[in-house]
Structures are given as structure tokens and as C-alpha cells.
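Please look over the notes below with the model open.

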Amino acid sequence: MTTPFGTATSTVISNDPKIRVQSFTGLKSSHSLALTRNLRVFPVQFSSPSLIRAVSTPVKPETTTTEPKRSKVEIFKEQSNFIRYPLNEEILTDTPNINEAATQLIKFHGSYQQYNRDERGTRSYSFMLRTKNPGGKVPNQLYLTMDDLADQFGIGTLRLTTRQTFQLHGVLKKNLKTVMSTIIKNMGSTLGACGDLNRNVLAPAAPLMTKEYLYAQETADNIAALLTPQSGFYYDVWVDGERFLTSEPPEVVKARNDNSHGTNFPDSPEPIYGTQFLPRKFKIAVTVPTDNSVDILTNDIGVVVVSDVNGEPQGFNIYVGGGMGRTHRLEATFPRLAEPLGYVPKEDILYAIKAIVATQRDHGRRDDRKYSRMKYLISSWGIEKFRSVVEQYYGKKFEPFLELPEWEFKSHLGWHEQGDGALFCGLHVDNGRIGGKMKKTLRDVIEKYNLNVRITPNQNIILCDIRRAWRRPITTVLAQAGLLHPRYVDPLNLTAMACPAFPLCPLAITEAERGIPDILKRVRAVFEKVGLKYNESVVVRITGCPNGCARPYMAELGLVGDGPNSYQIWLGGTPNQTQLARSFMNKVKVQDLEKVFEPLFYYWKRKRQPKESFGDFTTRKGFEKLKELVDKWEGPEQAPARYNLKLFADKETYEAMDELAKLQSKSAHQLAIEVIRNFVAAQQNGKSE
């Protein structure tokens, strides 16, 4: 067989358990990009004569006769018949779990095997399913379907993720095919929501009708389509090969099929991924200037729409090399901010993305998964070499990165004009967990008014396409379920995030989602103790392990689980998520957090510069000085005890409120403020904001 790379031997499909396998040795980093191949023989036990075990394995071009070291997951992928085997057999067995190889492969289908770590004895296995929703877009039909599935086959809750998707927990193996096929048949997909390939593509969730926002969403959709697996394994496993694909824009098909510069595997069912897919997960975000609702610098690729003075999109700035995951006590692993790669005209964006992906595919490490993300490749090579290699796949030089305005974190919460006569309403959901009365109310509203929704990268939800006449009744019913206008939500909660952690995440070291409500109340109590105002806030993010799913390394105050009931404390992120935090203290027990919080917030209150954020303050003061303050802390200066006459008209009322407050681990002042705030919120229902 002759290819653009030379002559290759066709794969032999045979009933014999030994099979000749065509194997790629990598795309060479030169303008010729010549591809060399060799033949290897693998002993393979077939379960059926038609099972294909052909492989196309990108490895480094400097390969010698010695077989390169590869991780176990690489072997599973190679022998899987494009992510089918043995998953397709394992899901049919009577056991409640699947084997090791299938556990890795099912991630590509959008699911993780889990078990309840609160329970002792025999493990009770279940599966978490994650959807794929580019830009967080969820059609009305899909939302109602997910709501039903959570009750019928899950744990009765839906979780909104930091990558604008749903997570459905607690699905039993026997119900997997039913749940998966139901999602597929109702305008949804979980394909590629996990695994070593492009994950969900982020974009601003606000349904704003400006040219820039619309183009950002369209670009996110196109990138997601470009990098969607093509070999059909997902549909073969879950809907018996029936395809539920929407038509793709011709520019996406053209870009995917183009092999002018050696980006593709010729004649492969996976032209971009081959059989080995990517070395590790791959994350992309698209946004517009100033809007950093997507944490743009934490992604493998960050894409920013660049427009002319009339607001017409002209092209894109591209960042590369971001990523959050790390490993405790292994300094060679680290969180990293993306850095500028260059600018491309708008017609080239899909080719540029594909070139970057191909570079990581062919040169990213496949021997040790701790170092397989693209950030490590760029850190090893440097941005200049990385750009040079990408340009060989791209076929042209990148133009200089264009200057951008300052980034802002935009939550898109509250009521806003869409720009087409309709309104949208952004609702804060603590840690993205939708359950109980909130879940029922949201479903009722979304169903009654036939609303589409969007999920934000901060685990919140946006109701779209609302008529003006619906605003008052919707506001009233939402408030009754605790879904309040953001002005009535504690500012600390509005920007806080936590990963699920215990009880279902197998990687969790300590609590995150279940622990953050109490921790935020304790932070608020410290604020009051040291004299910080209610409208002042810091960005708090908590994860149960160092993998960084809630992006704690961008927080002003990040808590990263490093032991049972213990956290590593990170400081120095900024409110607009443009600066990396740094590790401040290790092994701080959850009961001792105030010993760190109090001195830090006390000195921020007294020593900060005008409008200086907590993150900027900790960076300016330096960790050595801050640790000295924490070590010497003996508590704030005690002011004479007095009653707050603004809230309490008499001593008896204060004492009664104080007794009630103690039952909730609050101060009398805190509880009184909460009561007043809830009363005001109830009175404001339906009024003009």
C-alpha cells in the first residue's frame, strides 16, 4: 500500500491467534514528516473471527531497535480494537464491576467505575457518567432526560461540573446500556468526556447574541466536532452500531480529512487519533477578550476570538500548555499556566488546533502518565521549539500574538438581556449539586417554559430564552427553592468551587464537596472576627486530592487534600484567574484552619493597599513574612464586649439569638444577618432588579 509517507504493509486480519500488526513509529519533526513503519507480531486471543486488532502506534522518531517503554494503558488501547474490547464483553457479565482493561477503556466512553468508600466490607460498585456539552449547551429535551435518569438510575442528584457538563453518579453496571442509549437518543452524548482524547470544549455560557460570543460558541462546537472519535466504537457498544450524528459543517470535515502536512493516519478509522489516541487527557477552551469565565490559562489550548473595531471576528490568539494536575511530594509534577503561542486567521483555526494536537500525540510521553500532559512537553522543549514543531504540522508560521485587554472573571449570574429580546437568568448552585427541592423546581420551570439551559465552568446553571412576561413568576418559584438572585447569596459562595471527592471518587484523600459548606461558614466567621465587611470576598477552591479538578491552584485560597482531614494550603491566585497560586503550608488539619485563616485575613484587612485583593496581598507580602505572622499569631486584639444595637434592641433578644446561633456554630450577628437577608429576598421576589 502506498501512502503519502511511503510504502506500508497492510494489516492482516486472520482467525489465527497470531496476527501481523501494522505499527507507526512516529511522525518525524521535519517538513517532510516522513512516516516509517515496521511489522510486529502480537499473540492475540480472539473472541470472534471478526475482531480487529490493527494498531497505529505513534512513538518518538528516534526509536531504536529497543522497544520503547509504554504505560499499561497504552497496551490496553493498542489491543482494544479502537476502544471496544474487552469493554463490549465485560458489560455483559453478571459481576457488578468490570476488569482493569475495561475500566480504562470505559473512560473514553464517558464513564468511570467507582465504589462507595464510606461503606466497609464488600465494595458496592457503580458508575459515574459524564456528558459532553460544548460550551455548556443543554437542549431542553436532554435536561429533562438527565433529570429523569438521575432519579431512575442514579442517586437522585445531578452534578454540574467545572467543564460545563453533567455528572450522573450511582449508575449500576446492569443499567449502563439503558442509561447510555437513552442519553444518545435524547440529543446527548458522553463520548470523549473522559479518557486520553479531547475533553469537553469550554466557551462562555452566557447566551449573548453579540458577534464575538456567537463566534466563540460556534468555534467551540467546530473544535469539538473536529476532535470527536470517528471509528464508531461508542455507538457499537451502547446502541448496537446505530449512529445518532448531526450533520457537520463542511469546514470541519475538510480540516479533519486534510493531510497536507502529515497530521493524519492514512486509512485509519481514527484519522487524527490512530489506535493510541493521545498520551493523556486534553483540554481546550474558547472565549472572547476580557471574559475569563472559562479559566482560559488552565487549558492545554486556550483560544481567544480577536475582532476588528466593528466587532467582526478576524482570527484567534492561541495559548498552549496549561494544566492543573500534580502529585504530592513529586516536584517534577506541577500546575502550569498556558502561554502565548501565536495568532491565526479565522479560516485556519481548525488546522492550527489539529497541528497542536498532532504534536502532543506524536511527542508527548507515553511511558509515565504523570508526565504525559502537554504542559510537560512544552516545559521540556520550551515554547520556541514547540512552536517550530507545530508549524511543521500546520504548514505555515504563526503570526505574532496580539495584545489583549485585562481579563475579568464573569459569572453571568442574575438576570440579563440576551440581545434578541429575550432574557437569561444565571443561577448559583453550591458546588454544582442539584438535588431535593431545587432539582424539582428547576425541572418544573425548565419543562413548563420549554427552556434550554447552559452549564457554566463555575458549576452554575443558566436558564435561556426567557420571555419578559415570565420573569416575575420564574423569580418567585426559584427563590422559594433557594435559588436566589446573586445579591442574596454569600459572596464567598458565589466564586467557591469543590470537586466531589468522598464518597465516590477513588482518588480522594479527604473531603471537598461535603466539607466546603462548613469551611466557607468558618471563613465568613473569621471575616467578621477580624472586621472584614460582608461584601468582601476571596476565591476559595477545594479539592480532595492534588489532581486539581476544581482548579484550586488558581484560587486566592486553595485547599488541596494531602491526608485524612488534612489540607495543603495554596495562596496567591487572583480574582480574575490569571496568576498561579503557590503552596504555602502542608498538612493543616481541618480543625486547625482558623489558626492559618485568622492571621492572614487580619493582616490583609490592616496592611493591604487600596482595592488590593487577598491573592495579590499574599504575593506582595511574601510567604516567609506570612508564615512568620501565622507562627506568632495569638489572636486579634480584643475589643470590649458590646451588643450590636443595629441588630438587637435589647439584651434578651441578643441572648436568645446567641443561643440559637450556637446550635448552628454561628455568631448571633451571623444568624441575624441571615434571617434578615432571607426575609428581604422573599420580599423582593418578582420585583425589578
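1. Strands β10 (residues 284-287) and β11 (residues 301-307) run parallel and are joined by four bridges. Strands here are DSSP E runs of at least two residues, helices H or I runs of at least four, numbered from the N terminus. Two strands pair if DSSP finds at least two bridges between them. A285 has G302 of β11 as its bridge partner.

2. The model is predicted: local features need pLDDT of at least 70, side-chain atom pairs count only at pLDDT 80 or more, and totals for chains, interfaces and linings use all residues. Residues are numbered from 1 along each chain as its sequence is written, and side-chain values use heavy atoms, with hydrogens and water left out.

3. On β10, I284 and V286 point one way, A285 and T287 the other. All are buried (under 20% relative accessible area, 1.4 Å probe, protein chains only). In a regular strand the side chains alternate between the two faces of the sheet.

4. The sheet is open, with four strands in the order β10-β11-β12-β13 and mixed pairing. β10 and β13 (339-345) are the edge strands, each pairing on one side only. Twist averages 20° from one strand to the next.

5. Helix α6 (residues 211-226) packs on this sheet and touches β10, β11 and β12 (313-320). Contact means heavy atoms within 4.5 Å. The direction of α6 makes about 160° with that of β10. Angles run from 0 to 180 degrees between N-to-C directions, and axes are lines fitted to C-alpha atoms, for helices over the stretch in contact.

6. Helices α9 (residues 349-363) and α11 (residues 383-394) pack at about 115°, axes 8 Å apart. Residues in the contact include A355 and T359 of α9 and F386 and Y393 of α11.

Methods. Buried means under 20% relative accessible area, exposed over 50%, partly exposed in between (1.4 Å probe, protein chains only).
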